[in-house]
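Here is a short briefing to read alongside the structure.

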Amino acid sequence: MIAGWYVSLTDAQWARIEPLLPDRTPRRGGRWRDHRQVIDAIAFKYRTGTPWMDLPERFGSWKGAHSRLRMWAIDGTWERVFVALLAQADAEEDLDWVVAVDSTIVRAHQHAAGARQKGLPAGEPANHALGRSRGGLTTKIHLASDGRCRPLAFVLTPGQAGDAPAFTQVMAAIRVTRPKGRPRSRPVVVLADKAYSSRAIREHLRKRRIRAVIPQPADQIANRRRLGSKGGRPPGFDREAYKQRNTVERCINKLKQWRGIATCYDKTATAYQAALHLAAIHIWAAR
């Protein structure tokens with residue numbers, strides 16, 4: 001089904017996703033509307049940036065789609081499906097553990113402000129991951145991608161937040177379950193730009209036995225040289241491996257093809273992160 005430039009789930013994508021979804025008969029109430037139709041409705045809303053009330057009639061009630069997005073965000077369904085697809089890819093040796101980390105700032109629409117402070121889902125940040133500056137409202141997406149430009153983890157912060165402080169949170173969010181043993185959470189290599197060049201980050205990766213490929217900014221190089229022998233040896237840097245860092249930028253570009261992600265319209269970080277998981281589900285189901 002095509003509407004303009006939007007394409008709904010293919011049969012191959014649906015075959016991967018369907019077994020991972022909850023049963024259509026919930027514990028209370030009647031039978032849920034068809035999962036595929038609802039997921040297509042939610043994806044249409046975020047791919048096009050359409051307001052909920054303007055969803056085409058073929059998708060049924062917009063209220064049902066909106067409620068399903070929130071419900072599955074709160075109970076963790078979107079994240080569980082995303083994690084399950086990562087596990088499938090890893091089991092099929094289709095997950096590249098050369099990981100790149102970066103962030104991107106997203107402009108938040110004025111409709112994203114003004115969320116009620118009562119009755120918020122557990123884990124919802126008090127600031128809803130919205131920052132205020134001269135440019136208006138912004139949210140920052142911190143993420144990690146595998147070597148094939150596919151997302152592995154997301155962390156949301158207000159737009160003015162720095163990149164380096166969120167690094168350990170992004171790394172902690174990488175957890176790929178396996179049939180036996182603990183989930184895998186340790187990449188082979190981590191690629192990151194100069195914003196992540198700090199002793200704390202390099203030490204964190206060293207302790208976890210992860211090779212860091214992070215260039216030093218000019219001021220750090222100059223300071224080390226100024227200190228002479230007390231400045232220590234320069235950290236190792238593999239210039240050839242660093243050429244792959246663009247994988248995370250290409251991953252960000254994939255996500256921002258979804259207009260409802262390129263601009264945040266959601267009043268809660270919980271709903272916006274659910275949209276990120278949904279986009280990631282589409283990416284991984286299409287492999």
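On a 1 Å grid over the protein atoms alone, a pocket is an open set of points with protein on both sides within 12 Å along at least five of seven lines, and a cavity is a set of points where a 1.4 Å probe fits but cannot get out; lining residues have an atom within 4 Å of a point. Grid points are joined across faces, edges and corners, and a volume is the space filled by probe spheres set on the points. The model is predicted, so local features need pLDDT of at least 70 and side-chain atom pairs count only at pLDDT 80 or more, while totals for chains, interfaces and linings use all residues. Residues are numbered from 1 along each chain as its sequence is written, and side-chain values use heavy atoms, with hydrogens and water left out.

**Pockets**

- Rolling a probe the size of a water molecule over the atoms shows where empty space is left.
- The second largest pocket holds about 540 Å³ of space.
- Lining this second largest pocket are 26 residues, with A73, E79, F154, Q273 and H277 the closest to its centre.
- At least two residues of that lining come from each of α3, α4 (77-91), β6 (151-158) and α11; helices (H or I, at least four residues) and strands (E, at least two) are DSSP runs, numbered from the N terminus.
- By class, the lining of the second largest pocket splits into 18 nonpolar, five polar and three charged residues. Here Ala, Val, Leu, Ile, Met, Phe, Trp, Tyr, Cys and Pro count as nonpolar, Asp, Glu, Lys and Arg as charged, and the others, Gly among them, as polar.
- The largest pocket has a volume of about 660 Å³.
- Its lining is made up of 27 residues, and W52, H66, Y265, D266 and K267 lie nearest the centre of the largest pocket.
- Two or more residues of the largest pocket's lining are given by each of α2 (35-48), α3 (62-74) and α11 (269-285).
- Helix α3 provides the largest share of that lining, six residues.
- The lining of the largest pocket contains 13 nonpolar, eight polar and six charged residues.

**Aromatic rings and charges**

- Rings of Phe, Tyr and Trp (its six-membered ring) pair if their centres lie within 6.5 Å; planes under 30 degrees apart count as stacked, over 60 as edge-to-face and the rest as tilted.
- The count under this rule is six aromatic pairs.
- One of them joins Y46 and W52, which are edge-to-face because their ring centres are 6.2 Å apart and their planes stand at 85°.
- Y46 has 1% relative accessibility, so Y46 counts as buried (under 20% relative accessible area is buried, over 50% exposed and in between partly exposed, with a 1.4 Å probe and protein chains only).
- W52 is buried as well, at a relative accessible area of 11%.
- W72 and W78 also make an edge-to-face pair, 5.2 Å centre to centre with 70° between the planes, and both W72 and W78 are buried.
- A charge sits over a ring if NZ of Lys or CZ of Arg is within 6 Å of the ring centre and within 35 degrees of the ring normal.
- R184 lies over the face of W97, 4.2 Å from the ring centre, and R58 lies over the face of F44 at 5.7 Å.

**Cysteines**

- How many disulfides does a search of the whole structure find? The search finds zero, where a disulfide is a pair of cysteine sulfur atoms within 2.5 Å.
- C251 is buried at a relative accessible area of 0%, and C149 counts as buried at 6% relative accessibility.
- C149 lies in the loop between β5 (136-145) and β6, and has a positive phi of about 65° although it is not a glycine.

**Other residues to look up**

- E93, in the loop between α4 and β3 (98-108), has a phi near 55°, a positive value in a residue other than glycine.
- With 71% relative accessibility, E93 counts as exposed.
- P19 sits in the loop between α1 (11-17) and α2 and is exposed, with a relative accessible area of 64%.
- A275 is in helix α11 and counts as buried at 0% relative accessibility.
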